[in-house]
Amino acid sequence: MSIIEVNDLTRKFNNLVAVDNISFRVKKGEIFGLLGPNGAGKTTTIKMLCTLLRPTWGQAKVAGFEVVRGAAKVREHIGLVAEKIILYDRLTARENLKFFGRLNHIPKKIILERTKKLLKLVKMEKWANNLAGTFSTGMKQRINLARALLNMPEILFLDEPTLGLDPQTTRAIRDFIKEINREGITIILTTHIMQEADLLCDRIGIIDEGKIVALDIPQNLKNIISEQGKTILELNIPGLSPKIVSEIEELEAVASVNQRNEYNLKIYIENENAIYQIMNIIQKNGGKIKSIATLTPNLEDVFLHFTGHEIRDKAEKKMPLEHPRHRRFGAKPRIR
Ligand SMILES: Nc1ncnc2c1ncn2[C@@H]1O[C@H](COP(=O)(O)OP(=O)(O)O)[C@@H](O)[C@H]1O
Ligand SMILES: [Mg+2]
């Protein structure tokens, strides 16, 4: 059964199409992930589903209610951990929860019960009476999670739940997510971290430039690469030069080339013959091959396959190789 149904959902900001005609379903009880780089449209999508932003067109139903006409009803069934942490520094952890509970019109007695239980769940009972202003980002995020669960939502939205957290808190937050999902809460989360999506999600929608380019269970997404007969090679080449890279790119059996640093290349090949041709090019141009390995496809490769660029490119750096070939190999969307 679908607990969320999204049809042709679109949001424009002036001329910018932030979310571009996306459609998908989320099944009751699953952890569904939207994976994509900065600016892909993840937060905009979450905001529309949480009734915080009106769609420009298209529809979405959450827990059986339409997000525009049934906004108040939708809100009764959802919790949101937003990208930005909203807590009052001058209130304690417990007071923050009580305050937000009252905002949600939850009866006092129930707030007290749930606050106690939730502070325990997020392992913050020791700091219940400390001011939120004294908390680390990780502690604040735990309280934020507790806050989102105060109304005992059927569906919990988490927008980049581990962004900026230390590894230990990241692990704890991921464990909470799994734990509350086991208790029956449907989870929608966004992330730009492919391992996070892979680790947590039952199904993943890969989103880029406002469009969902692929949607499936993680294993099926990864299988797409090998189904296409593609192999991924990773080579470490001291003495790698732009000439070597461009000659490799010109090979017929090479689908795409990604230079990760001054000596490391990740090459997508379409048949094994390419290996010998690549080795020839490197030797001919005075490069050495320090190592060569075939890689098992991960979600990063799936993303590259469908979009022609890497997830990290937009977030952290410019693409090392500006080459039209990167774009040309963006594959057709594949949605299940
Ligand atoms: N309120 C806004 N006004 C104008 N542009 C916006 C607004 N919110 C988001 N955008 C733009 O929409 C695009 C998608 O943003 P967003 O949904 O925040 O992406 P993500 O969460 O995947 O990083 C970006 O190009 C962003 O700059
Ligand atoms: Mg965002």
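## Pockets

A pocket is an open set of points on a 1 Å grid over the protein atoms alone, where a 1.4 Å probe fits and protein lies on both sides within 12 Å along at least five of seven lines; its lining residues have an atom within 4 Å of a point. The model is predicted, so local features are given only at pLDDT of at least 70 and side-chain atom pairs only at pLDDT 80 or more, while totals for chains, interfaces and linings use all residues. Residues are numbered from 1 along each chain as its sequence is written, chains are lettered from A and ligands numbered from 1 in the order in which they are written, and side-chain values use heavy atoms, without hydrogens or water.

The largest pocket holds about 700 Å³ of space, a volume being the space filled by probe spheres set on grid points joined across faces, edges and corners. It is lined by 22 residues, of which L52, G79, L80, N104 and R147 are the closest to its centre. At least two lining residues come from each of α1 (42-49), α2 (71-77), β6 (78-81), α3 (93-103) and α5 (137-148). Here helices (H or I, at least four residues) and strands (E, at least two) are DSSP runs, numbered from the N terminus. The lining of the largest pocket comprises 11 nonpolar, four polar and seven charged residues. In this count Ala, Val, Leu, Ile, Met, Phe, Trp, Tyr, Cys and Pro are nonpolar, Asp, Glu, Lys and Arg are charged, and the others, Gly among them, are polar.

The second largest pocket has a volume of about 310 Å³. Its lining has 15 residues, and K117, L149, M152, E183 and I185 are the closest to its centre. Helix α4 (residues 108-121) gives the most to this lining, four residues. By class, the second largest pocket is lined by eight nonpolar, two polar and five charged residues.

Buried means under 20% relative accessible area, exposed over 50%, and partly exposed in between, with a 1.4 Å probe and protein chains only. The buried residues of α1 are K42, T44, T45, I46, M48 and L49. Just after the helix, T51 takes a positive phi of about 70°.

E83 is partly exposed, at a relative accessible area of 40%.

## The open sheet

Four strands form an open sheet in the order β2-β1-β4-β5, with antiparallel pairing. Its edge strands, β2 and β5 (65-66), each pair on one side only. Two strands count as paired if DSSP finds at least two bridges between them. Strand β4 (residues 57-62) is joined to β5 by two bridges and runs antiparallel to it. Across this pairing, V62 stands opposite F65 in β5.

D8, in strand β1 (residues 2-13), has a phi of about 55° and is partly exposed, with a relative accessible area of 39%. N14 lies in the loop between β1 and β2 (16-27). Its phi is about 50°, and N14 is exposed, with a relative accessible area of 76%.

## Cysteines

How many disulfides does the structure hold? The number is zero, a disulfide being a pair of cysteine sulfur atoms within 2.5 Å. C50 is in no disulfide, and the nearest cysteine sulfur, that of C201, is 16 Å away. From the side of C201, the closest cysteine sulfur is likewise the one in C50, and 16 Å is too far for a bond. C50 is buried, at 3% relative accessibility, and C201 is buried too, with a relative accessible area of 6%.

## Helix α6 and I31

R182 is part of helix α6 (residues 167-182) and is exposed, with a relative accessible area of 65%. The C-alpha atoms of R182 and I31 are separated by 10.0 Å, although the two residues are 151 residues apart along the chain.
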